Amino acid sequence: MFYREAGDFKTSYREDSQTFPIKFDRYRYYAVLAVAFGIIPFVINDYWANAVFVPFLIYSIAAIGLNILTGYAGQVSLGTGGFMAVGAYACYKLMTAFPDISIFIHVILAGGITAGVGVLFGLPSLRIKGFYLAVATLAAQFFLVWLFNKVPWFYNYSASGQITAPDRTVLGYFVTGAQTTATAKYLFCLVMLTLVAVVARNLTRGTVGRKWMAIRDMDIAAEIIGVNPLTTKLTAFMVSSFFIGIAGALFFAVYLGAAEVGEAFGIQKSFLILFMVIIGGLGSIFGSFAGAAFLVLLPVFLKNLLVGQLGWPTDLAAHIELMIVGGLIVVFLIAEPHGLAQLWRLAKEKLRLWPFPH
Amino acid sequence: MKKTFTAIVAAAMTAAAPAMADLVIPNLSYRTGPFAAGGIPYADGFNDYFTLLNERDGGIGGEKVQVPECETAYNTEKGVECYEATKGNGALVYNPLSTGITYQLIPKVSADGISLYTPGYGRTSAANGKVFEWVFNYPANYWDGASVAIKHLLDLNGGSLEGKKIALLYHNSAYGKEPIRTLQELSKKHGYALTEIPVDSPGQEQKSQWLQIRRDKPDYVLFWGWGVMNQVAVQEAANIRFPMENFIGIWWSGSENDVLPAGDGANGYKSLAMHGTGMDYPVYEDLKKYVIDAGKAAGAGDQVGSVLYSRGMYAAMVIAEAARKAQELAGTSAINAAQMRDGFEALEITEERMAELGLPNFGQPFAASCEDHGGPGAALIQQWDASAKKWNLITGFIAPDDEVLTPLILEDSQAYAKEAGISERCN
């Protein structure tokens, strides 16, 4: 009834190929943006920012990054944690070397540096595929973590190997360091996420994205019709690492404030983000959001429910929480192998026909 | 999907807030994950001591103590979440039992005005109260521990370590890296050769490290491990027949859990200790009467009297004494976080006071001041007797080498002050 193409007349090519061709979708998108930018910043407090929204936003950026590489271009990567570490350490070195420059620029630059590193580690993808590539990126993960542990220059020779984000501002507002307000943290991450999501969405709808998908679906056929595997795979690695680098920089500078490479950017992080992408849905920007929301919010929710509400002992709750999250992942993957994004797609199909399904 | 979640989380949150009137001392504990073997006894000791105060004395100065527990799994992200979840309820002090989480919380507590008490762990240079207003780490820190271990080795070698080889086997994290700088400085002074051997977290796999030790044949191995890493290291040392009396752990690597799995092989293993241990203290009579027999013990109740239980209890005792001091200074029993900090800074624990509390000769007496948040830093050496299944103290309190440590602490804390833009206090 509301959700339909009919009656929404497109009179230009521009309108015809817009991101959300259905009017309802368009308004929903504007409504989400309005709530995210217009309402949440005014009501958010420290707990909501630090435990829920900021991690959700940052993991969404990382999931979008990995989704471009794995979901759109079909290159399996287990090096996400390592690339996030590159972003974090690049951001740290830039922040301490050029204290007067806005952190916004540093975060973007950190993404750029990560893109370079990503291309370097993407080179093997031209020769090896599938599981073998996963192993190569796994090597990147371990090498990068080892590097940031081993070379003191990266952590400015601090006694403990920890990197700590100094106070930095954007337009006069603190966004890193302890004086940051919940609103500033949230808005900074939200702006980054919005930029990343819009760029990612449009890239995947254009030539670049179509090339990625051609390579994913069948690389030999893609090569025959004129897709250059070298540039296509490397652009996928570049764009993906750029986003993941931004996520890593934000994760360290805005969210944690201090980090230690083995703990914050270990192999668990790579798996966590891969799970987000798989649960959310490969090859879907919405899926990246859904997967990040699922794996960030569900544990927090369960913890509050079991410990806060039901008063269970913390250790029992923590164990049950792992079992519930793990169980739900299994159930989801059996019931809907294409992830949460597929559920959303099905829901939209149903909505188109509603209330007359025949 | 997200909206339904957030709505339910909101409902859960509002219901979880406790009453504001009591003294709130959150316990960021970890009873799960690879470090639970250390986290469980510590959390039990911490909780039980406050339960004892509540049951026996009706709290501290007539105010009941609430100890809301929050599970961190030794993970910094969960630590941040726990901190944010509990700080709004009038939390007075945090004791996260994790060096990684401590690093994270130092800027946050300084901005929020809540004390952070990290006995025997955390950031060593927080001992400089001129820079770290809200952080306290008395009675001893890692650099003290490193220095005490070296002093013990000096005693064993007639005052000279010239030409000796010492290996540091450490958890590859902020915690394990803390002593490196001190040991390097001390090696310049005493002329030993230092090898650093990192073990990646959680440390279940140490074959290659022990192979290296077997090849290099160091005279002594110093050990900075935690959780499951400890048991593995002691077992591996026994496997390669490393002489156990030359293997010395920090106080976090010296509990019963760490040596029992290796059986007789662990006999003679040494570790540092910053307090006594065992059940031979009068406080346990009260603890048994008011807490354990009353069925109010935290956790499974099977950890009472162990080394880390004693440490949790010790931390709780210091916090309780600081709260008492704060009440005395503020003239009110319902203290706030800022008054609590004053209590920490003015705290003096004397031998008499510890005897009154039922813990005679348990820890070293110390007094804090505006400049000194680190305490005297002395430590004992204990040795494991595998046949009796008991830790025996083999030395008295050994004082650290302040001549080397003080400049290091000054240097590191000033570097932090410069980075964070803090001006020194207490002038």
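**Exercise 1. Determine how many residues of domain 1 of chain B are in contact with domain 2 of chain B in this predicted model.**

Step 1. The domain assignment of chain B gives domain 1 as 2-140 + 279-373 and domain 2 as 142-273 + 379-404.

Step 2. Count the contacts. Domain 1 of chain B contributes 15 residues, and these touch 21 residues of domain 2 of chain B.

Step 3. Find the suppliers on the domain 1 side. Helix 2 (36-57), helix 4 (99-112) and helix 12 (307-330) of chain B each give at least two residues. Helix 4 of chain B has the largest share, with 3 residues.

Step 4. Sort that side by class. It has 8 nonpolar, 7 polar and no charged residues.

Step 5. Taken over C-alpha atoms, the centres of the two domains of chain B are separated by 28 Å.

**Exercise 2. Describe the side of chain A that touches chain B.**

Step 1. Count both sides. The contact takes 35 residues from chain A and 41 residues from chain B.

Step 2. List the helices. Helix 3 (46-72), helix 11 (261-264), helix 13 (285-309) and helix 14 (314-335) of chain A each supply at least two residues. Helix 13 of chain A gives the most, with 9 residues.

**Exercise 3. Work out how helix 3 of chain A is oriented to helix 3 of chain B.**

Step 1. Take the axes. They come within 9 Å and cross at roughly 155 degrees.

Step 2. Apply the cut-off. Angles over 145 degrees count as roughly antiparallel, so the two helices are roughly antiparallel to each other.

Step 3. Assign the hand. The crossing of helix 3 of chain A and helix 3 of chain B is left-handed.

Step 4. Name the residues. D46(A), Y47(A), N50(A) and A51(A) meet V80(B), E81(B), E84(B) and A85(B).

Notes: Residues are numbered from 1 along each chain as its sequence is written. Chains are lettered from A and ligands numbered from 1 in the order in which they are written. This is a predicted model: local features need pLDDT of at least 70, side-chain atom pairs count only at pLDDT 80 or more; totals for chains, interfaces and linings use all residues. Two residues are in contact if their C-beta atoms, placed from the backbone, lie within 7 Å. Helices (H or I, at least four residues) and strands (E, at least two) are DSSP runs, numbered from the N terminus. Axes are lines fitted to C-alpha atoms, for helices over the stretch in contact, and angles run from 0 to 180 degrees between N-to-C directions. Angles under 35 degrees count as roughly parallel, over 145 as roughly antiparallel, 65 to 115 as roughly perpendicular and the rest as oblique. A crossing is left-handed if the near helix is turned anticlockwise from the far one by less than a right angle, and right-handed if clockwise. Domain bounds come from an automatic or database domain assignment. Ala, Val, Leu, Ile, Met, Phe, Trp, Tyr, Cys and Pro count as nonpolar, Asp, Glu, Lys and Arg as charged, and the others, Gly among them, as polar.
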